[in-house]
Amino acid sequence: MALISLLCACQESESVVPFTVVSWSGSDGAALPLDQELAIEFSEPLHQPLRQSSVSLVDEFGNVVHGVKVNAVGSWLRIKPQLPLSPSLEDGSLHPDRRYEIRLHGLPRLGAITSTAGGVLPGELALPFRTAAAKDPGALLGSGAEFSVLALEGVQPGGGLAFAANTPMILKFRGGLDPRSLNGVATLRSQGKAEEVPCALRLLSNGLDGARLEVMVGSWSGWGVLTLPAEMEGLGGWPLQESSRVLRVHRVAQ
């Protein structure tokens, strides 16, 4: 009887699936976009709260990547990167055409990743992936966002935008911007004048849910027409809504 019990116990232990990683973004070797969450699936739901020190993201030289947010829901661990702001795409959390590792810390660390069922991640796991090149159209996909067209906030068809005196001219968009589409310049034509003055653009913040773009107009004030570059696009190639490209603007004089 004791032998039978021992054999049953051995069979049960052999059939138990250990708590470990099932899959992760980029495990198939495909290059990943720079604006998407990195997702790691575990064999069991994760114990909450997850210690931030139990997960790290490093580049190919072993440097820790900063500016990422880690979140755990159910059996999924998600790492959200900051999006790039410059046309080179080199200033976000993830850089183009690079190799990275997600490092998950298990036993014997005190802050080892555990499951709700009491499982503990065995040892240290390094999950490699690579990112798409800056020239790859898929480097910024915009997937998971609510919008399929790039549009300005607070602008009605035929309307305009007003700015206080001596304040930057900042445009707020519903949805993120593709920084590679900002190499062109905007133009500003003052009311009653034919001349169009070029204005450089600077992306201040960027995300799937929105972006803030500064138009460098200097000390200009009055009424005018602002025309944004035709090549400006949202993440994933979203077109710029035509009613958001040519705008009536007013900046109050001091």
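## A walk through the strands

In β12, Cys199 is the bridge partner of Ala186. Keep in mind that this is a predicted model. The pairing around that bridge is antiparallel: β11 (residues 186-190) and β12 (residues 197-199) come together over three bridges. The two strands make a hairpin with six residues between them, and there Gly192 takes a positive phi near 85°.

Strand β11 also pairs with β15 (residues 222-227), again running antiparallel, with four bridges joining the two. If you want a place to look, find Leu188, whose bridge partner in β15 is Leu226. And how much of β11 is covered? Mostly covered is the answer, since four of its five residues are buried.

Next comes another antiparallel pair, β13 (residues 201-207) with β14 (residues 210-215), held over six bridges. A hairpin of two residues joins them, and Ser205 stands opposite Arg212 in β14.

| Strand pair | Sense | Bridges |
|---|---|---|
| β11 and β12 | antiparallel | three |
| β11 and β15 | antiparallel | four |
| β13 and β14 | antiparallel | six |

Now for an open sheet: three strands sit in the order β3-β6-β7, with antiparallel pairing. At the edges are β3 (55-59) and β7, each of which pairs on one side only. From one strand to the next, the twist averages 20°. Five bridges hold β3 and β6 together, and in this pairing Asp59 stands opposite Tyr100 in β6.

In one of them, the rings of Phe19 and Phe42 have their centres 5.6 Å apart and their planes at 25°, so the pair is stacked. Phe19 lies in the loop between α1 (2-15) and β1 (21-24), while Phe42 is in strand β2 (residues 38-42), so the pair ties together parts that are 23 residues apart in sequence. Phe19 has a relative accessible area of 5%, so it counts as buried, and Phe42 is buried too, at 2% relative accessibility.

The other pair is Tyr100 and Phe129: the ring centres are 5.6 Å apart and the planes sit at 15°, so this pair is stacked as well. Tyr100 is in strand β6 and Phe129 in strand β7, 29 residues apart, which makes this a link between distant parts of the chain. Both Tyr100 and Phe129 are buried.

Tyr100 also turns up among the residues touched by Ser93, along with Val65, His66, Gly67, Val68, Pro81 and Gln82, leaving aside residues up to four places away in sequence. Ser93 lies in the loop between β5 (76-80) and β6 (99-105). Is Ser93 buried or exposed? At 6% relative accessibility, Ser93 counts as buried, because the cut-off is under 20%. Its side chain reaches the backbone nitrogen of Gln82 at 2.8 Å, and a polar atom of that side chain lies 3.3 Å from the backbone oxygen of Gly67.

Leu141 is partly exposed, at a relative accessible area of 39%. Beyond residues up to four places away in sequence, Leu141 touches Pro33, Asp35, Gln36, Leu235 and Gly236. The C-alpha atoms of Leu141 and Trp238 are separated by 9.5 Å, although the two residues are 97 residues apart along the chain.

Terms used: Residues are numbered from 1 along each chain as its sequence is written. This is a predicted model: local features need pLDDT of at least 70, side-chain atom pairs count only at pLDDT 80 or more; totals for chains, interfaces and linings use all residues. Side-chain values use heavy atoms; hydrogens and water are left out. Buried means under 20% relative accessible area, exposed over 50%, partly exposed in between (1.4 Å probe, protein chains only). A polar contact is a pair of N or O atoms within 3.5 Å; within protein, one must be able to donate a hydrogen and the other to accept it, and residues adjacent in sequence count only if both atoms are side-chain atoms. Contact means heavy atoms within 4.5 Å. Two strands pair if DSSP finds at least two bridges between them. Axes are lines fitted to C-alpha atoms, for helices over the stretch in contact, and angles run from 0 to 180 degrees between N-to-C directions. Rings of Phe, Tyr and Trp (its six-membered ring) pair if their centres lie within 6.5 Å; planes under 30 degrees apart count as stacked, over 60 as edge-to-face and the rest as tilted.
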